[in-house]
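Trainee: I'd like to learn how to read a structure like this one, feature by feature. Could we walk through it together?

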Amino acid sequence: MTTTLDLQLEDIRVVTDDVWTSFLATYGPLEWSPVTLEEASPTDELVQASVAIHGDWTGTVTLEMAPATAETAARTMLHLDAVEEVDVTDALGELVNMIGGNIKSLLPSGSTLGLPIVIRAPLCTAGASTIEHYRVELTWAGTPIRIRVWSTAR
Amino acid sequence: MRALVIDDSRTMRSLLSRQLVALGYETLQAGNGQEALEVMDQAGADVPVLATVDWNMPVMDGLTFVQRVRTRQEWRSMSLMMVTTEAEYDQIVRALAAGAHEYLIKPFTPEAFSDKLQLLGLLPERAAQ
């Protein structure tokens, strides 16, 4: 059986806002962005963190931002003046883990969460076997952040 | 007092350790349940009073770690607090039934973490005031 995904964009924003408020409030709140990540980002490379959800509904939650934004997030979470690539990868992985885990809790019970994966990639488009269901464009510290929820075709 | 912070995320280990150190704890860290069991074996009789335990980790997950700890008489005194994104009621019940004493859902505020320590009787007196 495949469950239909029944979320509201506001659900995703609230989940993400909870994460940001807990760990990244130093640079101010998350806000809805009037423009897309592509329009706002000064770079064609992004840090993309993803975590898979398996169960009656199977898919992926991704968190995307420019490398400089990811570095700011890592520095803020770790309370460090400077961070290395490994710190950025770990911090972004934990952020998407918290967002994905809380989105999972809005789905029917019995789903499991995978381990996060973090990559640097060109501006991302859907793969052949994925369908983008939700997209939330936000800004934080004056820079764009995007959350997307994808389902895996069966 | 010593606490063991178990999480595959170095960022989360750092966040929790920083708060525990500020409360006067000495902290140990492990990246998964198996590593944590090894750290505790090495600790010998000096068992940490608290372990914070993530659920989803490679090699050995947090639930398995809790189950293993509860089979060891010499570790019975240690309080186990799950700190995880697993927020479903069934998961919470499973963890508590396996032997976890408290359950904190990520994301959490420093105040929420301190509240859980207080419930366990592990918040140093000066911090509780």
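Mentor: In β7 of chain A, A:Ile145 is the bridge partner of A:Met65. Some ground rules: this is a predicted model, where local features need pLDDT of at least 70, side-chain atom pairs count only at pLDDT 80 or more, and totals for chains, interfaces and linings use all residues. Residues are numbered from 1 along each chain as its sequence is written, chains are lettered from A and ligands numbered from 1 in the order in which they are written, and side-chain values use heavy atoms, with hydrogens and water left out.

Trainee: What makes two strands a pair?

Mentor: Strands are DSSP runs of E, at least two residues long, while helices are runs of H or I of at least four, numbered from the N terminus. Two strands pair if DSSP finds at least two bridges between them. Here, strand β3 (residues 59–65) of chain A runs antiparallel to β7(A), with seven bridges joining them. Strand β6 (residues 130–140) of chain A is also antiparallel to β7(A), through 10 bridges. In that pairing A:Glu132 sits opposite A:Trp150.

Trainee: How many residues lie between the strands in the hairpin of β6(A) and β7(A)?

Mentor: Two, and A:Ala141 in that hairpin has a positive phi near 55°.

Trainee: Is strand β7 of chain A enclosed or open?

Mentor: Go by relative accessible area: under 20% is buried, over 50% is exposed, and in between is partly exposed (1.4 Å probe, protein chains only). Eight of the 10 residues of β7(A), residues 143–152, are buried, so the strand is largely enclosed by the rest of the structure.

Trainee: And a helix? What span should helix α3 of chain A have?

Mentor: Take 1.5 Å times one less than the number of residues. For the 12 residues of α3(A), residues 67–78, that gives 16 Å, and the end C-alpha atoms are 16 Å apart, which agrees. Nine of those 12 residues are buried, so α3(A) too is largely enclosed by the rest of the structure. Among the buried ones are A:Pro67, A:Ala70 and A:Leu78.

Trainee: How do I size up an interface?

Mentor: The size is often given as the accessible area lost when the parts come together. Buried area is that loss (1.4 Å probe), summed over both parts. Chains A and B bury about 1,900 Å² between them, 52% of it on carbon and sulfur atoms. In contact terms (heavy atoms within 4.5 Å), 23 residues of chain A meet 22 residues of chain B.

Trainee: How many salt bridges are there between chain A and chain B?

Mentor: Four, where a salt bridge is a side-chain nitrogen of Lys or Arg within 4 Å of a carboxyl oxygen of Asp or Glu. One salt bridge links B:Glu86 to A:Lys104, with the closest N and O atoms 2.7 Å apart. On the side of chain A that touches chain B, α1 (9–23), α3 and α4 (85–104) of chain A each give two or more residues. The most come from α4(A), with 10 residues.

Trainee: Which residues does A:Ser22 touch?

Mentor: Leaving out residues up to four places away in sequence, A:Ser22 touches B:Pro107, B:Phe108 and B:Thr109. A:Ser22 lies in helix α1 of chain A, and counts as buried at 18% relative accessibility. By contrast, B:Tyr89 is exposed, with a relative accessible area of 66%.

Definitions and conventions: Buried area = accessible area lost by both parts, 1.4 Å probe.
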